[in-house]
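Student: I've got a model open and want a quick tour. Can you take me through it?

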Amino acid sequence: MSATRTAICLAIAVGLWAPAAQAYPAYRRLFKANYGQAIRCDLCHSGGGGTERNPYGKAWQAAGERRVSFNKIEAFDSDGDGITNAEELKNGSNPGDKRSTPQRPGNTWAQQDFIPIPNDQLVLVMGAVDTLEASEPDLTPKQLETLTAGVGRIDEIDKYPTLYFGMVGGKRSAVAVFSEVEVRDGQFSTLVGMGTDGRIKKVALFRSGNDSGSIYTEFLKCFEGKTKSQLSEENLKDCPSGSASGPAIHALSLAVRKAMWTITSLYAKK
Ligand SMILES: [Ca+2]
């Protein structure tokens, strides 16, 4: 398995448009919140991050992709090796790989200390940087309150942001965060890059759907240069939405607003 593949906990390899936007960096944090263990992408993906989900990953998806969903599938034997998911997790074998059993666990899924960094996606919204860093901050109650007030309503997954920093000359030149909003036929995942001036550099979109991704290009461009306070529906009403549907534009706007509030809630300037 290549290093790049293991480093990316995303279903998207290239481009602004993915046939199936799936794993989201926060998912591994939901697992850790539930079981107290950091994990590798292999727990839920057949060949590491970015690959198809294994039976355990699919079962978790079917159970709702929430923290409680892990508990809901504990009694299942997702990979069909005769051992329940709960037993496998307890013993360090992979509940999504029938070749892995408590007697012969093989490669372990547990204890990945480093945070996976999706280099290929980050370059889309940050431009050229020397290096990339990542952090998985725990929001304080106060920060959570600020975020909720700013966005209106947040989902469970929004409480587990992963922040990526683009470094130039040893200093942070950009920060980026993924943000996800559910729409009727799937999900909008955006990656929003912000400069140190508090303005959006670029927004990349990853989602599943039958419509063409290019219909969102102009609308996404409209976010560039805007600050957190310029993202209200009123501020965005003149942005060209092309043939994109109203609900889609609304979801996209909400995702970007959530990303910007996440970053600024964590790094509020005094
Ligand atoms: Ca099993």
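Tutor: One term to start: helices (H or I, at least four residues) and strands (E, at least two) are DSSP runs, numbered from the N terminus. Residues are numbered from 1 along each chain as its sequence is written. This is a predicted model, where local features need pLDDT of at least 70, side-chain atom pairs count only at pLDDT 80 or more, and totals for chains, interfaces and linings use all residues.

Student: Switching to H3. What covers its buried residues?

Tutor: Helix H4 (67–72) and helix H5 (85–91) are included in that cover. The buried residues of H3 (residues 55–62) are Pro55, Tyr56, Gly57, Ala59 and Trp60. After H3 comes Gly64, with a positive phi near 115 degrees.

Student: Where is Asp79?

Tutor: Asp79 is in the loop between H4 and H5.

Student: Why does Asp79 count as buried?

Tutor: Because Asp79 has 22 C-beta neighbours inside 10 Å.

Student: What does Asp79 touch?

Tutor: Contact means C-beta atoms, placed from the backbone, within 7 Å. Leaving out residues up to four places away in sequence, Asp79 touches Pro55, Tyr56, Pro95, Gly96, Asp97 and Lys98. Asp79 and Asp97 are 18 residues apart in sequence, with C-alpha atoms 5.6 Å apart.

Student: Now strands. How many bridges join E1 to E2?

Tutor: 5 bridges, and the two strands run antiparallel. Strands pair if DSSP finds at least two bridges between them. Leu132 stands opposite Gly166 in E2.

Student: What about E2 and E3?

Tutor: E2 and E3 are joined by 6 bridges and run antiparallel. Tyr164 has Ala176 in E3 as its bridge partner. Their hairpin has 2 residues between the strands, and Gly169 there takes a positive phi near 60 degrees.

Student: Last one. How do the axes of H7 and H10 cross?

Tutor: The axes of H7 (residues 141–151) and H10 (residues 246–266) come within 9 Å and cross at roughly 150 degrees. Axes are lines fitted to C-alpha atoms, for helices over the stretch in contact, and angles run from 0 to 180 degrees between N-to-C directions. Residues making the contact include Leu147 of H7 and Trp261 of H10.

Technical notes
Buried ≥ 20, exposed ≤ 12 C-beta atoms within 10 Å, placed from the backbone. Contact = placed C-beta atoms within 7 Å.
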